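Reader: Please show me the structure, and then let me ask about its parts.

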Amino acid sequence: MRQDKPGVLLVNLGTPDAPTTAAVKRYLKQFLSDPRVVDTPRWLWWPILNGVVLPFRSPRVSKLYASVWMDGGSPLMVYSKQQREALAARVDMPVELGMSYGNPSLQSAVDSLMAQGVTRMIVLPLYPQFSCSTVAAVWDGLYSAFKKARTLPHIDLIRDYAEHPAYIAALKASVERSFATHGQPDLLVLSFHGIPQRFANEGDDYPLRCADTTALLQQALGLRDDQIMMTFQSRFGREPWLQPYTDETMQGLAKKGIKHVQVMSPGFSADCLETLEEISEQNREFFLHGGGEKFEYIPALNADAEHIDMMVQLVNARR
């Protein structure tokens, strides 16, 4: 009789191997070649990607990565490894980390778990709110990883955890620490990564899941409607994305009497380029240049104890 052996696969988006133009170009090519991310017909997108986007975007993005790079690698990689190590110390089963794009690859993580005799794979994509562009891409990656396999484990994919009580509690604790340190702001902005509005129109419930998280956090913090706001960042391309846009919002808040703002990005389980450079640097400048006086970025949950507690609860519930 086959003995059941569970294992955990943590998955995040990925990161370049180094803050260089060549490494960023390799990473962006893999990322932007995924139809889950850019679904423009290949015949149209491929010349644009290889002839325009990669040559011009890679050098600029590599400089941005260099501005936030840490001793152990990119922030996303450093914090993701800390999460894996902390979770592994709390559960008596193998835990591996794989990235949808870049290294360590999803394939390498799957292979490692299978080599350890795992028969039941609990897959935890580190995206609190489901989107076809993130969690569904993990699903695609799992299919590819097992495409040539002679055996399959039972796979338990955690779709998302936007409403999980331990996730909301972890966000609440993080916000309260910031309020205690910097004072309560005029406005708390929750900036989620955007997706094309078309994706939502076609059935992606991501904006609804972001709204669920926002509503529950507002309730937990006891904030009025005029004290908290949901926005969307990191848009790419020319078609409309989910609104309101974070950058445009930051530029206009002071005109509405908002002088002190704190921003957190609850959709990011680990700090990365989009939080440390885009939010903490670019959007800080937008707000202050627009007449704001105080701006604080509230870090992602990273390897906070409350965040790891949540992961333990999610995983143990699937044992």
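Some questions and answers on helices, strands and an annotated site follow.

Author: This is a predicted model, in which local features need pLDDT of at least 70, side-chain atom pairs count only at pLDDT 80 or more, and totals for chains, interfaces and linings use all residues. Residues are numbered from 1 along each chain as its sequence is written, and side-chain values use heavy atoms, with hydrogens and water left out.

Reader: How are helix 6 and helix 11 oriented to each other, roughly parallel or roughly antiparallel?

Author: Helices are DSSP runs of H or I with at least four residues, strands are runs of E with at least two, and both are numbered from the N terminus. Axes are lines fitted to C-alpha atoms, for helices over the stretch in contact, and angles between N-to-C directions run from 0 to 180 degrees. Helix 6 (residues 165–182) and helix 11 (residues 305–316) pack at about 180°, with axes 9 Å apart. Angles over 145 degrees count as roughly antiparallel, and the two helices are therefore roughly antiparallel.

Reader: Which residues of helix 11 make the contact with helix 6?

Author: Contact means heavy atoms within 4.5 Å. Helix 6 contributes A166, Y167, A170, A173 and R177, and helix 11 contributes E306, H307, M310 and Q313.

Reader: In which sense do strand 3 and strand 4 pair?

Author: Two strands pair if DSSP finds at least two bridges between them. Strand 3 (residues 120–125) and strand 4 (residues 154–157) have four bridges, and the sense is parallel.

Reader: Where does UniProt place the feature "binding site"?

Author: UniProt positions are given in the numbering used here, feature names are shortened, and annotations may be inferred rather than shown by experiment. The unreviewed entry places this feature at H193 and E274.

Technical notes. Angles under 35 degrees count as roughly parallel, over 145 as roughly antiparallel, 65 to 115 as roughly perpendicular and the rest as oblique.
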